[in-house]
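Try each task before you read its solution.

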Amino acid sequence: ATLVASFAGAWGAFLLENERHKREVEDRNIGAANRAIYTIFNLWNILEQYRKEVLEPYRGKPDAWLNLAASPTIPTGEQTFQPGELQFLLQSSKAEIYAGLMLEEQRFAIAIDLIKARSALVLDQVFPKMSVADVPVGRSLPEPEVEKILGIELTHKLKQITAGIFKNVDEDLASLKVEHDRLREAMKSLYPKRKILQVLFHEPPQ
């Protein structure tokens with residue numbers, strides 16, 4: 001009787017400890033997922049603000065390559081995905097979500113690099129060339145005359161980078177929302193009884 005009682009007590013303690021450990025793992029993984037969801041929103045919000053304030057006023061306009069605002073400082077956000085704490089996704093049936101999150105961070109970095117590259121060209125080369133040519137602020141010039149002042153190489157760079165900014169920002173805004181939904185669905189599948197953070201994205205007007 002004593003042996004049976006001792007075994008039962010040890011087994012109960014083991015089950016209790018096992019349940020506690022399982023809960024800790026769940027809490028840690030859900031916390032990591034919620035931080036990743038917040039990071040998605042942070043990256044999306046930075047690009048969305050840039051879209052509304054900088055891109056939309058010139059969308060579809062032929063002079064966007066030249067007159068799109070140049071920003072001396074570009075907000076990049078302090079939040080990045082933490083690969084270490086998201087490793088649990090690789091050990092689950094949702095390994096593709098991990099790769100998707102890392103890809104989103106790379107896509108965001110590309111968009112920011114394009115914005116920085118264009119701003120540097122405008123501030124360091126376009127403005128000085130316009131100044132040397134005595135072009136006053138706000139003066140309208142025919143495109144061939146602007147190209148002559150700036151030079152063919154700089155003009156081509158500005159046009160290509162500006163087109164790339166529009167394309168990348170638009171695509172990133174869409175893919176970030178998709179990745180948010182995929183991550184939430186994956187976490188709800190792994191932990192159906194737990195609450196997962198959800199972001200309600202503002203849809204741009206049609």
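**Exercise 1. Find which helices line the largest pocket.**

Step 1. Helix H2 (64-67), helix H3 (95-132) and helix H4 (143-150) each give at least two residues to the lining of the largest pocket. Helices here are DSSP runs (H or I, at least four residues), numbered from the N terminus. A pocket is an open set of points on a 1 Å grid over the protein atoms alone where a 1.4 Å probe fits, with protein on both sides within 12 Å along at least five of seven lines, and lining residues have an atom within 4 Å of a point.

Step 2. H3 contributes the largest share, five residues.

Before going on, a word on the model. This is a predicted model, in which local features need pLDDT of at least 70 and side-chain atom pairs count only at pLDDT 80 or more, while totals for chains, interfaces and linings use all residues. Residues are numbered from 1 along each chain as its sequence is written, and side-chain values use heavy atoms, with hydrogens and water left out.

**Exercise 2. Describe the lining of the largest pocket.**

Step 1. Count the residues: there are 22 in the lining, and Leu66, Asn67, Met130, Gly138 and Arg139 lie nearest the centre of the pocket.

Step 2. Sort them: 15 are nonpolar, four polar and three charged. In this sorting, Ala, Val, Leu, Ile, Met, Phe, Trp, Tyr, Cys and Pro are nonpolar, Asp, Glu, Lys and Arg are charged, and the others, Gly among them, are polar.

**Exercise 3. Work out how H3 and H4 pack.**

Step 1. Their axes, lines fitted to C-alpha atoms over the stretch in contact, are 9 Å apart and meet at an angle of about 105 degrees.

Step 2. H3 is therefore roughly perpendicular to H4, a label that covers 65 to 115 degrees.

Step 3. Val126, Lys129 and Met130 of H3 make the contact with Val146, Ile149 and Leu150 of H4, where contact means heavy atoms within 4.5 Å. Five of these residues are nonpolar, none is polar and one is charged.

**Exercise 4. Is aspartate 134 buried or exposed?**

Step 1. Locate aspartate 134 in the loop between H3 and H4.

Step 2. Aspartate 134 has a relative accessible area of 62%, so this residue is exposed; exposed means over 50%, buried under 20% and partly exposed in between, with a 1.4 Å probe and protein chains only.

Step 3. Check the backbone: phi of aspartate 134 is near 60 degrees, a positive value in a residue other than glycine.

Note on methods: Axes are lines fitted to C-alpha atoms, for helices over the stretch in contact, and angles run from 0 to 180 degrees between N-to-C directions. Angles under 35 degrees count as roughly parallel, over 145 as roughly antiparallel, 65 to 115 as roughly perpendicular and the rest as oblique.
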